[in-house]
Amino acid sequence: MRFAKPAKTTKNPLWTLFPLLGLTACQQLPPPLDPLIGDTGQPLSDVAQRADVKAYDLNLEIFPDKKSIKGTGSTEFLLLKDSAQVELKLDSRFDIERVLVNGQASYFQRTDGILTIDLGKTFHQGEQVTVDVYYSGQPHIALNAPWAGGTVWQQTEDGKPWIATAVQGEGCDLFWPCKDHFGDKADSMRIRLTVPKGLSAVTNGVLQEITPVGDDKLQFDWLLSVPASDYNIALNIGPFTKVEQTYTGINGTQVPIEFWALNENVEKAQQLIDNDLRQQIEFYERQLGPYPWGDQKLGFVETPHLGMEHQTINAYGKKYKRDEYGFDWLLQHELAHEWFGNLITHEKLNDAWLHEGFGLYMQPAYSLDHFGSAAYNYSMYKSYLGLMNCKPIVLDGDITSEQAFNSDIYGKGGWILHTLRWLIGDKLFWQATRELLYGTANTSSLTYPIASRYRNTQDFINIVNRLTDKDYNWLFDVYLKKAELPELVQQTQEQSMVLTWKTPENLRFPMPVPVSVNGHLKVYQPVNGKITVAASENDHVVIDPEMKVLRYLPIIGQCEENTEKRKKR
C-alpha cells in the first residue's frame, strides 16, 4: 500500500493523518531527490531493456549512530540483447568505491543516480554477467513515511535504534543499487545485514542464519527465493523479539507466521495474531486462495511508520489499537497486498488501482463476512464521502508514481468493485478475482511455489466479460477512464418517474437501478436509455436505497469543492 497522501495532496477517509515520522524537530530537511531517482517505475532506457535481473545479493552494515550504511550490492544479469553495457540506479548521495564486472574492476558513468556500467566487452543474448557495486553513505531520510519515503531513523522509548525503510513511491535506489522497476523482478535475493548486538535485522524471505561479527555485531542472513518488486525490499532494525506460530493453509501446508515486535510489545503481537491475523488469513484463503508465499513466511514487523506491503515482511505501525471497524484494518489491508500488489503486480503504473482498489475493498468485504451488512455499509459509505472525482483512475500515457497514486484509486476503485459485485453476483465476482490473481478459479489445492504475474486493467475486464458472457466494457469505460461520476437524472410525470443516466461525453451506460416503491424493491433495466418506474406523487420512492450503484449524489461535492475541503484539513 502506498497510502493516499495526507495534507495538501490526497487522503482516503479510511485512514488517519499522521505526523512527520521520518524527521525530528531539530533535524534539517535532507537534500531533494533527483526527479528520476525519486520516482520509481519510470520507462526503462534502451540500455536497461537489454538485460533482465536474475538475482540480487545485498550485503550491508548499518551504523545507527551515523545514520549511514556501507556495503555491496550485487546484480546478476541475463542479457536479452547483445550489449557492452548494463544499467543500475543508485541515489547520487552515496559514494561509490568501485564497481566490478565478473570480479574485475570496471569503468562506469554516473549521471543523476543512473549508473551505466561498461562490461569490458560485448556480452551476447543469453549470457550472464554479475555486477558488484561497493558503496557507502547516508540514505535519504523519509520526510513522512510511508507517504514520502526513504529511511526512518527513530529510537524506542528506552533509547534504542529503531530503523525502517519504505520506498514504494521513490524506489529501491534510495538505499541500494537496483534496476528500480516493478517490471523486472529478480528471481531471488540474498540480503545480509550487519547490526550492533542487541538489535535484530529483519527483511524479506527466510532467515538462514545469524552470525557473530567480532565481539559487538551480528549479521542476519536472509534469502528471498520468490520474485518480488524491488520497492518491496525493506530493512528493519530494532530491539525485536520474534513471535512465531504456524497455521495450516487451505492447501494443507504448514505456513510459518513471524511477527517481529519490539521487546515490550510481545504480548500485544501475540494477541494480534490470535485475535485478528488468523481470522483474516482464513478469510483471504477461503475467498481467494492460498497465501502466495507459504514457502517463505507470513511476516510482519513493527515499524516507526504506519505501514507498507513489503512482501513476506509487512510493515506494521498502528500500535495494536483496534479501531471502529472491529478489527485491525492496517493488518488486514497490508495482508491484502500480498495478493493485490505482490502476487499480481500492475503491468504499468496506470493500472495501480488493481493494487489499491482491491486492497481497500477487502476491508469492507471482510466486515461483511464477519459482522454483516451494517458494518459493510458503514465502511462503504465512509469511503464514498472521501471521493474526489478529479482525475480518471486509469490515465493514458506514461505517468509518474505521484500521478498514479491519486486517492480515488483507493475509494473509487473499491466502489467500482462494490457495484460490480452486486451486478454480477458473489459467485462470479470472486471467481473473476481468483482468476485475476492465480490464472484459475480453482485455487484451494494449488501448491508452492505459486507463480506471480503481471496484470493490467483489460485483463480483469476480459475475465469479467468471459465469465458473465456479457460485455461490461461500458461500465469500466465510465468508472475508470472518466473523472466524473455518472449521475441519475429524474423526471417526475403524473403516474411515473423516468430515470436517465447522464455520463461524461454521453458515454453509453446501461446500468440497472434498484428502486423501492412503497417498500417494494425492484431492479429496473434501462430500455432505450430510460428507466420508467410506475409511481404517482403519493407513492414513496427511494432510488437505490442500499447504494449498490456508484453514482454522483449531492452528499459529495464536485472536484473543485472537494479539493478546497481537502486543503482545509
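Which residues make a nonpolar surface patch of about 260 Å²? Select Tyr381, Leu385 and Ile555, and you have that patch on screen. Patches here are built from residues with over 30% relative accessible area and no salt bridge, where like charges are joined within 9 Å and nonpolar side chains (Val, Leu, Ile, Met, Phe, Trp, Tyr) within 5 Å. The areas come from the Shrake-Rupley method with a 1.4 Å probe, and for residues only the protein chains shown count as cover.

Before moving on, please note that this is a predicted model, in which local features need pLDDT of at least 70 and side-chain atom pairs count only at pLDDT 80 or more, while totals for chains, interfaces and linings use all residues. Residues are numbered from 1 along each chain as its sequence is written, and side-chain values use heavy atoms, with hydrogens and water left out.

**Stop 1: around Ile555**

Keep Ile555 selected. It sits in the loop between β28 and α10. Helices (H or I, at least four residues) and strands (E, at least two) are DSSP runs, numbered from the N terminus. Ile555 has a relative accessibility of 41%, so it counts as partly exposed. On this scale, buried means under 20% relative accessible area, exposed means over 50%, and partly exposed is in between (1.4 Å probe, protein chains only).

Now select Asp544, in the loop between β28 (541–543) and α10 (559–568). Asp544 is not a glycine, yet its phi is positive, at about 50°. With a relative accessible area of 4%, Asp544 is buried.

**Stop 2: another positive phi**

Go to Tyr320, in the loop between β20 (314–316) and α2 (329–336). Tyr320 is not a glycine either, and its phi is positive at about 65°. Is Tyr320 buried or exposed? Its relative accessible area is 15%, so Tyr320 is buried.

**Stop 3: two cis peptide bonds**

Select Ala145 and Pro146 together and look at the bond that joins them. This peptide bond is cis, with omega near 0°. Pro146 belongs to the loop between β8 (128–137) and β9 (150–155).

Next, select Tyr448 and Pro449, which are also joined by a cis peptide bond, with omega about 0°. Here Pro449 is in the loop between α7 (426–438) and β22 (453–455).

**Stop 4: a pair of helices**

Two packed helices are described by the angle between their axes and the distance between the axes. Show helix α4 (residues 373–384) and helix α6 (residues 408–424): they pack at an angle of about 135°, with their axes 9 Å apart. That angle makes α4 oblique to α6. Axes are lines fitted to C-alpha atoms, for helices over the stretch in contact, and angles run from 0 to 180 degrees between N-to-C directions. Angles under 35 degrees count as roughly parallel, over 145 as roughly antiparallel, 65 to 115 as roughly perpendicular and the rest as oblique.

The crossing of α4 and α6 is left-handed. That word applies if the near helix is turned anticlockwise from the far one by less than a right angle; clockwise would be right-handed.

**Stop 5: salt bridges**

How many salt bridges are there? The count comes to 20, where a salt bridge is a side-chain nitrogen of Lys or Arg within 4 Å of a carboxyl oxygen of Asp or Glu.

Start with Lys54 and Asp187, whose side chains meet at 2.9 Å, N to O. Lys54 lies in strand β1 (residues 51–63) and Asp187 in the loop between β10 (161–166) and β11 (188–196), so the pair ties together parts that are 133 residues apart in sequence. Lys54 is partly exposed at 22%, and Asp187 is partly exposed at 34%.

Then pick Glu97 and Arg98, which form a salt bridge at 2.6 Å, N to O. Glu97 is exposed, at 56% relative accessibility, while Arg98 is partly exposed at 35%.

Move on to Lys481 and Asp477, where the closest N and O atoms of the salt bridge are 3.4 Å apart. They are four residues apart in helix α9 (residues 473–481), so about one helical turn separates them.

Finally, select Glu282, Arg286 and Asp369 together to see a network of salt bridges.

Select Glu244 in strand β16 (residues 240–248). Glu244 is exposed, with a relative accessible area of 52%.
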